[in-house]
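Work through the exercises below with the sequence and the structure side by side. Try each task before reading its solution.

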Amino acid sequence: QPRCADGLGPRGAFVCGLRARDGWSRRSRPFTEGFCVELQGRSHLSAGLVLRWFQGHLQRCLGAVRYRLQERCRVSLSACPGHPPTLHILPCSDYVCCHISMAVRLIPAIPLGDALYLTALPPPGPAAPEALWSLNASRQEQRLLSWLKEQAPASSCHLKCLQILKGLRDLRGQGLEEPFCSQWGRALSSYILKTALFSLLLQGPLEAWDERFLEERLEDLVLYLRDCLRKQVLMDFFLGNTTIPEAVALPRFLKEATPVNLLAAFDGPTLDLVAFQLISTWIQAPHVIRMYSSPRYLRAVPAP
């Protein structure tokens, strides 16, 4: 039984309570001890315990898979703290052009129906309850993008704007020191950038997103995001949003959900600093690209 974890963690987190017949927990003690935690007097499925179990099984399965695929590709698994396990695949080929690795995040999930999932992601902080799950609405994102593709000009630049802004965020992060570097990445996460883009797109008109207006629309996106950071408000695009077009079919679960402010977990001074740094990055974009694209600023990828 999924429900919003109000007051238990960051806004938009969910918990998954177990509903079972009387005596089920006693008969299924190995399951409850291995996968459940007590929360407010009830038994809940623990995302942290499920994720650790999942990673253990991945390690055991990898040995068999690696042996069978050793002539075609090299397969390895990395599990950095705070990140889901990632499968790295490197093809074995005599052609240089085929030496392109693939990284696939492997995340256990609970299906809720209507192409919605609760996903077990590492907790955002050491004090966060292990029972917290994240809602994954990637199928709904695809429906929205398909609708936008039909409505927007054939040469629409909205996805290109998102890619450029992500690139500027990552380059700027190369020159920031901790702890602000981590705060910068969380406050401008890919989901927050996508949410800002979707919100701006629906303000219309979509004809204004033709590729010849790329620079203007990119600046609009930066300024819109700056205003959201200063106001400390950016509502989740799918949870309880009544402005989504009817053509983008949304499950009832999303329509009736409580609206969630994605920036509620951040304090005002941090968001003000992120907003200032964002505008500075935009103004100095050519310098940032030249400066932080040099090899000495590129961070090494963690070894599998």
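Two strands count as paired if DSSP finds at least two bridges between them. Keep in mind that this is a predicted model.

**Exercise 1. Find the order of the strands in the open sheet of 3 strands, and name its edges.**

Solution. 
- Step 1: The order is 5-6-7, and the pairing is antiparallel.
- Step 2: Look for strands that pair on one side only; these are strand 5 (73-78) and strand 7 (102-105), the edge strands.
- Step 3: Neighbouring strands here are turned by 20° against each other on average, direction ignored.
- Step 4: Check one pair in detail. Strand 5 and strand 6 (residues 86-91) are joined by 6 bridges in the antiparallel sense. Cys73 has Pro91 of strand 6 as its bridge partner.

**Exercise 2. Describe the hairpin of strand 3 and strand 4.**

Solution. 
- Step 1: Strand 3 (residues 36-39) and strand 4 (residues 42-45) run antiparallel and are joined by 4 bridges.
- Step 2: Glu38 has Ser43 of strand 4 as its bridge partner.
- Step 3: There are 2 residues between the strands. Gln40 sits in the turn, with a positive phi of about 55°.

**Exercise 3. Classify the crossing of helix 5 and helix 8: left-handed or right-handed, and at roughly what angle?**

Solution. 
- Step 1: The axes of helix 5 (residues 158-174) and helix 8 come within 10 Å and cross at roughly 60°.
- Step 2: Helix 5 and helix 8 are therefore oblique to each other.
- Step 3: The crossing of helix 5 and helix 8 is right-handed.
- Step 4: List the contact residues. Helix 5 supplies Lys160, Cys161, Ile164 and Leu165. Helix 8 supplies Leu214, Arg217, Leu218, Leu221, Val222 and Leu225.
- Step 5: Sort the residues of this contact: 8 are nonpolar, none is polar and 2 are charged.

**Exercise 4. Which peptide bonds at Pro179 and Pro205 are cis or trans?**

Solution. 
- Step 1: Glu178 and Pro179 are joined by a cis bond, with omega about 5°. Pro179 lies in the loop between helix 5 and helix 6 (180-187).
- Step 2: The bond from Gly204 to Pro205 is also cis, with omega near -10°. Pro205 is in the loop between helix 7 (190-201) and helix 8.

**Exercise 5. Decide where to read the coordinates with care.**

Solution. 
- Step 1: The chain averages a pLDDT of 84, and 88% of the residues score at least 70.
- Step 2: Over residues 297-304, pLDDT stays under 50.
- Step 3: Where pLDDT is low, predicted coordinates should not be read in detail.

Definitions and conventions. Residues are numbered from 1 along each chain as its sequence is written. This is a predicted model: local features need pLDDT of at least 70, side-chain atom pairs count only at pLDDT 80 or more; totals for chains, interfaces and linings use all residues. Side-chain values use heavy atoms; hydrogens and water are left out. pLDDT is the predictor's confidence in each residue, from 0 to 100. Contact means heavy atoms within 4.5 Å. Axes are lines fitted to C-alpha atoms, for helices over the stretch in contact, and angles run from 0 to 180 degrees between N-to-C directions. Angles under 35 degrees count as roughly parallel, over 145 as roughly antiparallel, 65 to 115 as roughly perpendicular and the rest as oblique. A crossing is left-handed if the near helix is turned anticlockwise from the far one by less than a right angle, and right-handed if clockwise. Ala, Val, Leu, Ile, Met, Phe, Trp, Tyr, Cys and Pro count as nonpolar, Asp, Glu, Lys and Arg as charged, and the others, Gly among them, as polar.
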